[in-house]
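This report describes selected features of the structure shown below.

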Amino acid sequence: MNAPLVSIRVPATSANLGAGFDSLGMALSLYNVFNVTKLQPNGLFSCDVIGEGFRERDLTNARSNMAVRSYLRACEIWGVAPRGLALECHNVIPLCRGLGSSSTAVVAGVLLANLLSGRHAPESELLRVMTMIEGHPDNVVPCYLGGMTVSCWNEVDLRYVKFPPLPEDLNVVAAVPDVRVRTRDARKSLPHEVPFGDAVFNLGRAALLCAAWATGQWDLLSWGMEDRLHQPYRSRLFPGGEVIMDRVRTLPGCLGVAISGSGPTIVALVRGAPGLVASTLCRTFSEYGVTSRFFVLQGCAGGCRFSMRSPGDFQEEN
Amino acid sequence: MKEVVIVETNATGTKNVVDDVGIDRAAARIVLLGVPDVPGVAANVFSALAEHRIGVEMIVQNNMRGGMTDIGFLVKKERLDDAIVVCRKSATDIEAQGVSFNTEVARVSVCGKNLTENPEIPAKMFSTLASVGVNIEMIVSNTLDITCVVSETDADRAIRALQEAFS
C-alpha cells in the first residue's frame with residue numbers, strides 16, 4: 001500500500017481545564033490521523049471515515065466534514081485556490097465527549113491548506129485561523145502546539161503561552177461515558193451572569209493552576225482544578241455527573257479532577273498507578289446505567305505532527 | 001470472582017449439548033486503537049505482556065482498513081495496572097493511535113460439548129442476548145464454549161436471559 005501524500009497526526013485535548021474556562025487546555029496522547037490519499041480536480045472532495053463517526057453523515061459527507069470545511073475556509077481566508085482531495089480520517093478520539101475530536105479536524109484542515117498551498121504561514125497565523133474557525137482557542141492551541149497552554153482571544157487576534165510538559169509519572173485518566181453532550185447544549189446550560197464571589201473564586205484557582213503548572217508544584221492542582229463557572233452547571237447534563245468527581249478526589253494519587261471540555265468525559269490527574277481512580281470513575285457511570293471506558297494518557301508535548309511526500313508525487317487524479 | 005451457574009439439561013433437542021451457563025466479572029478489556037498493519041506489531045505487544053507475565057485471553061484483531069487495525073483482548077483485573085504501563089509503552093513503540101481500557105465488562109458463556117457441530121447454539125445465544133437488548137462487544141467460540149463480552153450494565157440481564165433460554 002502506498003504511503004499517503006500527506007499524513008497528519010493530531011492529539012486529543014482537554015479544554016476548559018478546571019478553573020480555566022475557554023482559556024486553559026492540554027494536549028493528550030490519543031491521536032486522530034488524517035491522510036490525503038490523492039489529489040482531485042478543484043471542487044472535488046471525498047471522505048472515508050474509519051473508526052469513530054464512520055456512520056455519521058456529518059463526517060462521511062465531504063461537504064459537511066469539519067476537516068474539509070476547515071481546509072476550504074482557510075483557503076478562502078488566505079485567498080488560495082483549494083485543490084480537490086481524497087481524505088481518509090482515522091478517528092479514535094470519541095465524538096462529542098469533550099476530548100477535542102472536532103478540534104483535530106479544524107487543525108488538520110487548516111494545516112492541509114497551508115501545506116498544499118505552499119503558503120508557509122507562521123505558527124501565529126495558523127493558530128489565529130484555527131481559532132477563528134473553532135470560535136475559542138483552548139482546544140486548537142494545545143492541539144497544534146502540544147503541552148498545556150493558556151490562551152486569550154479577542155475575536156481577531158490571539159495571545160498564548162505554552163507551559164512545560166507534565167512529568168512522566170503523572171497520568172491523565174480520561175473516563176468516557178457512552179453519552180453525548182453537544183457543545184452548543186453545554187453552552188446553553190451556562191448562566192448569563194455569575195455571582196461576584198464565584199468569579200473571584202475562579203480567578204484565584206486559575207492563577208494558582210497556572211502558577212503550579214509553571215513551577216511544577218503538582219500537589220496544588222487539586223485546588224487549581226476547582227471551578228464554579230461551568231462545572232456545577234455542566235455536571236447536571238450527564239448521568240452521575242454531580243457525584244462522580246467527589247468519588248475520586250480523595251483517592252490515593254489523585255491530584256485533581258475536572259470535566260473535560262464541555263463533558264461528559266471526566267479527567268483526573270493521577271500520580272502513580274491509575275487503576276483505582278479509573279475503575280472508580282467507570283463504576284460510578286455503571287451505577288447510573290451508563291456504559292463507559294477509559295484511557296490512561298500522558299501529556300502530548302509535541303502537538304500536531306505531519307509527514308508529506310515529495311512535490312513530484314502531487315499529481316491530480318480524476 | 002467467577003460465578004458459575006449450573007443449568008439443568010434435557011436429554012433431547014438442542015439443550016442437551018449445553019451443560020452450563022456462566023458469568024465472569026474478573027476481566028478487563030483492552031483495545032489498541034489504530035495499529036499500523038505491518039508485521040511485528042502484535043509480536044511487540046504480546047511479547048511485552050509476556051515479559052511481565054501478564055496473561056491475555058480473547059485476542060481479536062479487526063479487519064484492516066486504510067492500513068490500520070484495532071487489536072482487543074482481555075486481562076485479569078488484578079493485573080490491570082501492570083497491563084496499562086506495558087500497553088501504553090507498546091502503543092507508543094508501534095505508533096498506535098491510542099489504547100482504551102474497560103473494567104466494566106463481564107463475560108457470559110454457554111459451555112457444553114460439540115458446540116461447533118450445533119450451529120443453533122450460537123444462534124440461540126446471540127438471539128437471546130439481542131432479545132433483552134444486550135450488545136455484544138466481543139465473541140470467542142470453540143467446541144466447548146461460546147463466550148461473549150458484554151457491558152457490566154447489561155451483565156445481570158444477560159445471564160438471567162441465558163439461564164432461562166438454556167434451562
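## A salt bridge within one helix

The side chains of Glu76(A) and Arg73(A) are joined by a salt bridge, with an N to O distance of 3.8 Å. Both residues belong to helix H2 of chain A, where Glu76(A) and Arg73(A) are three residues apart, or about one turn of the helix. The model is a predicted one, and a search of the whole structure finds 22 salt bridges over all chains.

## Helix H4 of chain A and its two neighbours

Helix H2 of chain A, residues 66–78, packs with helix H4 of chain A, residues 123–134; their axes come within 11 Å and cross at roughly 120°. Because of this angle, H2(A) is oblique to H4(A). The crossing of the two helices H2(A) and H4(A) is right-handed. On the H2(A) side, the contact is made by Ser70(A), Arg73(A), Ala74(A), Ile77(A) and Trp78(A). On the H4(A) side, it is made by Glu125(A), Leu126(A), Arg128(A), Val129(A), Met132(A) and Ile133(A). The residues in this contact of H2(A) with H4(A) comprise seven nonpolar, one polar and three charged.

The crossing of H3(A) and H4(A) is right-handed. H3(A) contributes Ser102(A), Ser103(A), Val106(A), Val107(A), Val110(A), Leu111(A) and Asn114(A) to the contact, while H4(A) contributes Leu126(A), Val129(A), Met130(A), Ile133(A) and Glu134(A). Divided by type, the residues of the contact of H3(A) with H4(A) are eight nonpolar, three polar and one charged.

## Backbone features in the loops of chain A

Most residues other than glycine have a negative phi, and most peptide bonds are trans. Two places in chain A may be read against this background. Asn16(A) is not a glycine, yet it has a positive phi of about 50°. Asn16(A) is located in the loop between strand S1 (6–15) and strand S2 (24–40) of chain A.

The peptide bond from Gly263(A) to Pro264(A) is cis, with omega near 5°. Pro264(A) is found in the loop between strand S8 (254–259) and strand S9 (266–271) of chain A.

## The fold of chain B

Chain B contains four helices and nine strands. Along the sequence, these elements follow the pattern β-β-β-α-β-β-α-β-β-α-β-β-α. The C-alpha atoms of chain B fill a box of roughly 55 × 30 × 30 Å along the principal axes.

Within chain B, helix H3 (residues 120–131) and helix H4 (residues 152–166) pack at an angle of about 135°, and their axes are 9 Å apart. H3(B) is therefore oblique to H4(B). H3(B) passes H4(B) in a right-handed crossing. Ile121(B), Lys124(B), Met125(B), Thr128(B) and Leu129(B) of H3(B) make the contact with Ala158(B), Ala161(B), Leu162(B), Ala165(B) and Phe166(B) of H4(B). This contact of H3(B) with H4(B) consists of eight nonpolar residues, one polar and one charged.

## Where the two chains meet

The size of an interface is often given as the accessible area lost when the parts come together. Chain B and chain A bury about 2100 Å² between them, and 54% of this area is on carbon and sulfur atoms. Of the area that chain B buries against chain A, Arg65(B), Arg88(B) and Gln97(B) supply 31%, more than any other three residues. In terms of residues, 23 of chain B are in contact with 32 of chain A.

How many salt bridges are counted between chain B and chain A? The count is one. Glu95(B) forms a salt bridge with Arg305(A), and the closest N and O atoms are 3.3 Å apart.

Notes. Residues numbered from 1 in each chain as written. Chains lettered and ligands numbered in written order. Predicted model: local features only at pLDDT ≥ 70, side-chain atom pairs only at ≥ 80, totals over all residues. Heavy atoms only, no water. Axes fitted to C-alpha atoms, helices over the stretch in contact; angles between N-to-C directions. Parallel < 35°, antiparallel > 145°, perpendicular 65-115°, else oblique. Left-handed = near helix turned anticlockwise from the far one by under 90°. Contact = heavy atoms within 4.5 Å. Nonpolar A, V, L, I, M, F, W, Y, C, P; charged D, E, K, R; others polar. Buried area = accessible area lost by both parts, 1.4 Å probe. Salt bridge = Lys/Arg side-chain N within 4 Å of Asp/Glu carboxyl O.
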